[in-house]
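Student: I would like a close look at one part of this model, with the backbone and its surroundings taken together. Please go through it step by step.

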Amino acid sequence: MVEVESPCHGEVVAGKGSSAPPRMIAWEITRSCNLACVHCRASALHGPYPGELSTERCFEIIDDIASFANPIIILTGGEPLERRDFFEIATYGRGRGLRMVVGTNATLMTSEIAKQLKSVGIPRISVSIDFPTAELHDKFRGVPGAFDSAVAGIKTAQAAGIEIQINSTITKLNVAYLDDLLQLAKELGAVAFHPFLLVPTGRGKELEEQELPPEEYERTLNWVYDKQKEVKGIFFKPTDAPHYFRIMRQRAKEEGAPGAATMSAHPHAARGLETMTRGCLGGISFCFISHVGQVQPCGYFDVAAGNVKESSFREVWESSVLFNDLRNFDKLKGKCGACEFKRICGGCRARAFEATGDYLAEEPYCIYVPKLAAYNKT
C-alpha cells in the first residue's frame, strides 16, 4: 500500500454544506498488493479481491467526474500496477482531460512500464520509503528486497522523465530517522518529500502503540516547519497532519512574518500538486474511492458517503449527509468546535472517528487549548 495525500489546489472556502467540485481524488483501483506493509490502511495482500470495479464501470466513473470537475486523480491501491487494465484506465482518464498521477511502491517498475507511464501522460509517481536503510525498510514493508527494488524503480521512472515524490509514514519506530529520510529523498532526486503522520486504521491498528504521542506529534510538526525554511530544491510538507496549519500560523506570528495571518505567508505555499491551503480536506475538496466503489472522505476514514455502484459520483459528492457535515465547520464538537483555527485545521476526522465513533468529535492527538476558556466537551 502507498500513502496518498490529500492537498487541494485553490483556497478552501468555509461554508455550511457548500459543494465546490473536488480538487483531488484518490482512487484505489485495486486492493491487491505485492507487499504486506504493517501500517497499511487497506490491509492489502495479493488479490484478486471480489467486487472490484470493472474496466467499463471505471470509464463511466471517469466520465461522471469529468462532467463537472477537473481534479487530480491519484491512481493508488494496494499496488495499482497489479491491475491488468491499469493503462486502459489511466489512458481513458487522460483522454477526458483529467490529470492522473500514481501512488506505487515502485517495486514492479520496469523500463517498459515507466515508458508507458510517461507516454500516457503521468507526470509524477509517489513512492513510500519509511526507513533510510534496506534492513529496516524491508522489515516494515514485510518483503525482503523491497527497499532495493523501490530505489531501482525510482531510478527507472526518473530515466523515463517521471517526477518522484517520497512518502514516509512516521511512527515511534522511525521518527528519529526523519533527517535521514529527508536526506535520502534529496539524494534520490525526489521533487517532494511528504512525511505522513500515522492514522491507525486497517493493518495500521496493529501499530497503534507506535503512534506518536501528542507531544511528540507537535515536536515533529515544528521540526517540519524549521526544516522547510532550511531545505532548498525539494517541496516538503507533512500529510495527515492538519495541526500543521495551526503551527504554521503560530510560528509565523512569533517570528513577526509579514502577513502571518494568511496561508500564503508560508514560504512553501504553492499550487497544483504542492498546494497547502488547509488541514483536513476530507469531503471538502478531496475524497477517496475504494476498490469496490465506496466513496469516503479519505482512505483512512472508513465511513461511506455513498457508492458509485449505486449512485453517480456527482450525486454522492454533492448530496451525501457525511460530506455536507464535514463541510460545515460549525458542526465540529469539543475543543475543535471552539478552536480559533478550526477553519484552517479542522482536526483529523478519521482519528476522531477511530477514537470516539463520532467523526465530528475533537481531534484526539492535538495538545492545543483554544483561547475560548469554556467549550462544549460533548
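Student: Is Ala106 buried or exposed, and what is its relative accessibility?

Tutor: Start with a caution. This is a predicted model. The chain averages a pLDDT of 86, and 82% of the residues score at least 70. One is residues 1-15, with 75 contacts beyond four places in sequence in the model. The other is residues 41-45, with 27 such contacts.

Now your residue. Ala106 has a relative accessibility of 0%. The cut-off for buried is under 20%, so Ala106 counts as buried. Ala106 sits in a loop, with strand E3 (99-104) on one side and helix H3 (111-120) on the other. Look at its backbone too. Ala106 is not a glycine, yet its phi is positive, near 70 degrees. Most residues other than glycine have a negative phi.

With a relative accessible area of 15%, Asp240 is buried, because the cut-off is under 20%.

The peptide bond from Gly77 to Gly78 is cis. Its omega is near 25 degrees. Most peptide bonds are trans. Gly78 is placed between strand E2 (72-76) and helix H2 (86-95).

Helix H7 (residues 214-230) packs against H8: their axes come within 10 Å. The axes cross at roughly 55 degrees. That angle makes H7 oblique to H8. The crossing is right-handed.

Which residues make the contact? From H7 come Glu218, Leu221, Asn222, Val224, Tyr225, Asp226 and Gln228. From H8 come Tyr244, Arg246, Ile247, Met248, Arg251 and Ala252. Sorted by class, the contact of H7 with H8 has seven nonpolar residues, two polar and four charged. Leu221 and Val224 of H7 are among the contact residues, and both count as nonpolar. Arg246 and Arg251 of H8 also take part, and arginine counts as charged.

To recap, Ala106 is buried at 0% relative accessibility, and its phi is positive.

Note on methods: Residues are numbered from 1 along each chain as its sequence is written. This is a predicted model: local features need pLDDT of at least 70, side-chain atom pairs count only at pLDDT 80 or more; totals for chains, interfaces and linings use all residues. Side-chain values use heavy atoms; hydrogens and water are left out. pLDDT is the predictor's confidence in each residue, from 0 to 100. Contact means heavy atoms within 4.5 Å. Helices (H or I, at least four residues) and strands (E, at least two) are DSSP runs, numbered from the N terminus. Buried means under 20% relative accessible area, exposed over 50%, partly exposed in between (1.4 Å probe, protein chains only). Axes are lines fitted to C-alpha atoms, for helices over the stretch in contact, and angles run from 0 to 180 degrees between N-to-C directions. Angles under 35 degrees count as roughly parallel, over 145 as roughly antiparallel, 65 to 115 as roughly perpendicular and the rest as oblique. A crossing is left-handed if the near helix is turned anticlockwise from the far one by less than a right angle, and right-handed if clockwise.
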